Amino acid sequence: MRKIVLAVALLTLLVLPLTIHASSQSAERFKVVWISVDSANYYRLFNFSREGSLPTFKRLFEEGAHGPMTVIYPPATAVSHASLSTGAHPIRTGISGNTMHLPNTSITATVSGFDGRHLLAEPIWMTVNRSGLRAAVVSFPQSTPPAWRVDSSRVKLFNIYDASITGVTPSTLYTNNRAISGATLVTITDARNWTGLGSLGTVSRAWEFNFTLGDSRWFVLIADNTGDGRPDVAAIVAGAKDASRALTVLREGQWSRPLNTTIVRGGSTFTIAPMFKLIKIDVSDFRLYRGIARPMEAAWYNDPALARGVWNNVVVRVGAFTDGDWFALTRGWIDVETYMETVNFTNTFFREFTLYVMRNTQWDLLMTYTPVVDNVYHQFLGMLYRNMPYYRADQEAYYRGLILRTYRMVDEFVKAVIDSVDLRNTVVVVSSDHGQCPVKSIINVNAVLYNAGLLSVRGGAIAANETRAIFFSQGNVYVNLAGRETGGIVRPEEYDRVVDSIVRAFQALRDPSTGEQVFDVVMTRAQAVTLGVGGPTAGDVIIATKCGYTTTGGVPSIVNGTAVVFSPAVPLRTLVADHSSVMPTYPDLHATVIFFGGPVKRGFLGLSSSLSIAPTIAELLGIPRPRDAEAVPLAIREAMTVTQTATVTQVRTTTVDRTVTSTVERTVTNTQTVERTKTETQVRTTEVPVTKVVTSLLERTTTTVERELRTDLLAIAALIALLLGAAVGFVLRR
Ligand SMILES: [Zn+2]
């Protein structure tokens with residue numbers, strides 16, 4: 001009986017938004033700016049705003065329509081953004097991981113899920129294109145290279161993450177300290193044959209070293225100009241030992257401006273604008289940090305003149321950091337405060353890039369992105385959780401402050417956007433692609449496969465011709481199947497047995513320190529269809545860890561014949577929070593969605609699905625939904641609190657006590673699984689302290705609900721719900 005009540009409640013919820021929505025169609029069109037704030041968890045953002053720390057978000061929460069949002073599995077950045085931009089599950093988008101393996105390639109070969117050529121479902125900028133409107137995509141995964149025929153006069157596409165030069169783009173530390181891992185080692189000698197020293201003032205002693213960027217040689221002169229025998233400044237010069245042509249002269253602790261210049265590599269000339277920081281000016285332990293150096297000349301845009309404008313007006317002014325430099329932080333090249341400077345440079349770059357494109361192009365839809373919350377969560381979020389083994393009470397406030405500082409940067413970004421648009425005809429959408437869970441332990445999935453005899457390591461590399469199954473990232477374990485993988489070794493008749501042994505290896509895995517099972521989900525590809533996962537890019541086995549763990553691929557290290565499966569998360573040396581391989585049903589993983597401006601009515605949207613965002617934006621633009629979209633628009637122009645409050649009330653009165661694992665293991669249809677997972681999550685939400693604020697918000701909404709639902713709608717809804725409810729109740733009982 002309880003199940004039937006639940007089914008009726010759920011179906012009522014399914015039907016009501018549809019009927020209310022149907023009465024709210026409007027011919028009015030709005031412009032839309034869509035800002036994706038990678039990793040912004042709704043509850044943390046909401047709580048920071050309530051504390052008064054984030055004035056712009058406070059305004060958005062008070063005047064906009066907002067709520068937490070569940071995303072697809074695996075909740076990895078490339079996968080989730082593909083579903084956000086298309087409104088479709090990974091089985092339709094073809095993006096099933098940040099790193100994916102394709103059929104008809106060697107089992108060890110991968111492609112990037114950020115690459116637009118692998119996006120199979122229609123993204124909303126293409127819907128805009130075929131509807132005759134104009135779009136500008138400043139930054140969004142899969143926006144380049146364009147997989148779709150796009151009219152570049154009306155749809156401007158950028159993705160600066162695609163601009164890179166091997167051996168030049170990654171950041172580095174120039175040092176003569178051999179103890180620092182992964183740095184560029186240099187040799188410092190007395191300076192010889194320099195000219196233009198007068199430009200540095202009095203130079204009583206000088207040292208030098210050099211390094212290459214591509215095929216170009218750069219020189220650094222280190223000078224003592226106080227006569228105390230110790231160095232005071234370092235001058236960076238490209239191409240010649242002429243101090244008067246220094247691109248920058250730095251003292252210890254100083255940053256350079258972006259050094260806009262050209263280098264040669266492989267006979268081609270590239271424009272770059274790297275920023276340097278002089279970390280330590282000590283001739284026996286010299287440390288000069290160079291930030292990431294992305295080139296202008298690369299396929300990261302579809303309008304060369306506009307890209308040149310971005311370079312000359314944005315990059316040369318604020319640089320082009322595209323992530324807080326965790327690579328440098330975890331290798332000990334830079335300290336936490338310098339890392340936070342790179343986080344700030346990154347947010348500033350995306351903010352200024354966005355404003356430039358907003359002001360210099362015609363657009364109906366403008367999409368943009370900032371990675372900074374994701375950056376600081378990976379490095380610091382775990383330090384806020386008392387149940388993490390590395391937790392230190394005396395450090396919690398500091399790391400929480402770093403995360404708040406980052407949200408403030410994003411708050412300024414959003415404010416700058418809001419201040420640049422006319423809110424009467426423009427809707428600003430802020431959303432995220434997932435949250436993050438703290439991590440205590442990192443699981444090398446290939447080590448599990450090795451120990452089960454399914455993966456082979458020879459000479460420090462995974463031996464493709466002896467490997468039956470492999471893992472790269474984000475939940476997908478691929479079988480090396482003959483006839484599908486190039487050089488595949490698992491015969492078709494062995495496939496089921498190999499899949500079964502993979503499943504059993506993961507199900508048997510226990511955390512040696514606690515004895516607990518570490519996976520929430522271990523499913524075959526066929527079972528995973530209920531999660532919206534599948535198609536040729538998905539794994540043959542799909543796994544998801546519990547919150548508290550994350551996964552890694554790569555070559556496992558083998559000690560006495562056994563591969564090492566677990567390694568501890570270590571603050572400032574590894575990540576301490578992650579998202580890509582846990583179920584998006586954890587409240588920590590809940591993303592954010594906020595609509596603000598235009599016709600949007602203030603209110604709480606309840607827990608929505610990330611598949612609803614593109615259809616909602618399409619409706620605001622007055623265009624059809626993206627071709628592959630699976631969801632209906634959110635009722636953001638109505639007093640949506642009526643339906644959403646009903647949702648919460650009904651769920652509270654029916655106790656749902658199923659775990660997510662049992663839900664997904666049942667063979668039910670796709671829609672039913674998604675709806676039930678959503679419900680389950682809402683119940684959990686009320687149990688988590690961080691969500692208390694939202695719970696109280698919900699309770700307040702309940703008391704002020706306007707019961708104005710038209711009786712005919714209710715009658716129709718109830719009738720349909722009763723009929724379908726009985727059917728679903730029957731399915732659930734089986
Ligand atoms: Zn992300």
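In which sense do S16 and strand S17 pair, and over how many bridges? I looked it up: S16 and S17 (residues 287-290) are antiparallel, with 4 bridges. A note on terms: strands pair if DSSP finds at least two bridges between them, and helices (H or I, at least four residues) and strands (E, at least two) are DSSP runs numbered from the N terminus.

Before going on, I note that this is a predicted model, where local features need pLDDT of at least 70, side-chain atom pairs count only at pLDDT 80 or more, and totals for chains, interfaces and linings use all residues. Residues are numbered from 1 along each chain as its sequence is written.

Back to the pair: I find Lys277 opposite Tyr289 of S17. The open sheet has 4 strands in the order S8-S7-S17-S16, and its pairing is mixed. S8 (184-185) and S16 (276-280) are the edge strands with a single partner strand each, so one side of each has no neighbour in the sheet.

Next, helix H3 (residues 55-63). I get Thr56, Phe57, Leu60 and Phe61 as its buried residues (20 or more other C-beta atoms within 10 Å of the residue's own, C-beta atoms being placed from the backbone). Down the axis of H3 they fall within an arc of 135 degrees, taken from the directions from the helix axis to the C-beta atoms, so they line one face. They pack against helices H2 (42-50) and H11 (393-419), and strands S2 (65-70), S19 (426-431) and S32 (591-596), with contact meaning C-beta atoms within 7 Å.

Last, the whole chain: I read off 20 helices and 34 strands, and 53% of the 734 residues count as buried.

Note on methods
A residue is buried if 20 or more other C-beta atoms lie within 10 Å of its own, exposed if 12 or fewer, and partly exposed in between; C-beta atoms are placed from the backbone. Two residues are in contact if their C-beta atoms, placed from the backbone, lie within 7 Å.
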